[in-house]
Amino acid sequence: MTSRREFLSKAAVLGGIAVAPGLILFEPARAKGASSKVRWGMLVDTTRCAEGCSACVSACNRENGLSGGTRPTDSQWIRKVELREKATGRTLSLPVMCQHCAEPPCVDVCPTGASFKRADGIVLVDRHICIGCRYCMMACPYKARSFVHRPLHDQKPDVPRGQGCVESCTLCVQRVDRGEQPACVEACKAEGGDALLFGDLNDPQSGVSRRMRERGARQIRADLQLDTGVRYQGI
Amino acid sequence: MRLLAALALIAALALPAGVLAGVDKPVIEKAQSGPCIAPPEVMRREHPDMLKHQRVETVHQGIVGAKVSLEKCVACHASKQTGSVAASKQDFCESCHAYAAVKLDCFECHASRPEKQ
């Protein structure tokens, strides 16, 4: 007797293969675990990202059980950043979160090995090992990480979080492992923005790779040569 | 005199037994569904090692849906009254850990109640 969840994930894989090989973006990792053949990444099309829209931020808060506060001591996994080019007056709005670097500085500086990169490129914090020293927060050029200052209650079963640990965007690893898209990507699509695209950067046929091939994409602070997994168009 | 000494001896022997009887055994609430992944005597001794081994595989290697899962423990053992495994002294995890005087810190981060459907 298979559970409903197992049945659905199998059905999703089979269905995806049956429809068209190019159409299925990813298959659930499940029992096999994260594979080094894939590298999860995200493409942000800033030309489609609406000013004042924060659907991705609220979806992230809902999915991961964040309070939604924006004080310096509150956890923020995605920030909406509004930019204005001085010379031309052109304005730009974009979400900035953990960039899931291939060479993550947070992992380099972590004294305990709590900050690590999974085989599929997702950068995570193992809260069992994190001692809350916050070196990684200093090292991150994107201000992507937050420290949990107060005891938490009623966490989501899929997203354990607690006082004294550093945390950041996980690319919704719990959803990715089920074969789903990150919450922000889904929310952006539902809102009609379609500015976020999630997929395998290693697969030349994936949606992100195709769109990057067609229109190019940039990394924030590319000069640091961190080879980020989150890429931006229109900046 | 001999009778008194005998009575004192009996009283002295009976005392520890009396003290032990005074300590409440942990309340073990019946799980909500089906059999566990291992017999109770194995689970009682091995569950910390099982969970510690699994947490490495799950967090670092991304292996999900394994046999050992804290989320599944909570789903089966959450109390009918409090809906949690660690909210009150009577709840499944908390009652034994209080009895054994072992600090239970899993639920500072992990949810101690199943996800609301």
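Mentor: Terms before numbers: a residue is buried if 20 or more other C-beta atoms lie within 10 Å of its own, exposed if 12 or fewer, and partly exposed in between, with C-beta atoms placed from the backbone. By that count, buried residues make up 21% of the 117 residues in chain B. In chain A, 38% of the 235 residues count as buried.

Trainee: What should I know about the model and its labels?
Mentor: This is a predicted model: local features need pLDDT of at least 70, side-chain atom pairs count only at pLDDT 80 or more, and totals for chains, interfaces and linings use all residues. Residues are numbered from 1 along each chain as its sequence is written, while chains are lettered from A and ligands numbered from 1 in the order in which they are written.

Trainee: How many helices and strands in chain A?
Mentor: Seven helices and nine strands. These are DSSP runs (helices H or I, at least four residues; strands E, at least two), numbered from the N terminus. Chain B has four helices and zero strands.

Trainee: Which residues have the most contacts inside the largest nonpolar core?
Mentor: A:Val44, A:Cys56, A:Cys60, A:Ile78, A:Cys184, A:Cys188 and A:Leu196, in a core of 53 residues. A nonpolar core is a set of buried Ala, Val, Leu, Ile, Met, Phe, Trp, Tyr and Cys residues joined through C-beta atoms within 7 Å. A second, separate core of eleven residues includes B:Phe92 and B:Cys93.

Trainee: And what does A:Cys60 touch?
Mentor: Leaving out residues up to four places away in sequence, A:Cys60 touches A:Leu66, A:Trp77, A:Ile78, A:Ala183 and A:Cys184. Contact means C-beta atoms, placed from the backbone, within 7 Å.

Trainee: How do the axes of H2(A) and H6(A) cross?
Mentor: At roughly 135°, coming within 8 Å; H2 spans residues 55-64 of chain A and H6 residues 183-190. Axes are lines fitted to C-alpha atoms, for helices over the stretch in contact, and angles run from 0 to 180 degrees between N-to-C directions. So H2(A) is oblique to H6(A). Under 35 degrees counts as roughly parallel, over 145 as roughly antiparallel, 65 to 115 as roughly perpendicular and the rest as oblique.

Trainee: Switching to H4(B): which residues are buried there?
Mentor: B:Phe92, B:Cys93, B:Glu94 and B:Ser95, in a helix covering residues 92-100. The buried residues of H4(B) pack against helix H3 (70-77) of chain B. After H4(B) comes B:Ala101, with a positive phi near 55°.

Trainee: Last one: how many residues does each chain put into the contact?
Mentor: Chain A gives 19 residues and chain B gives 15 residues.

Key:
Contact = placed C-beta atoms within 7 Å.
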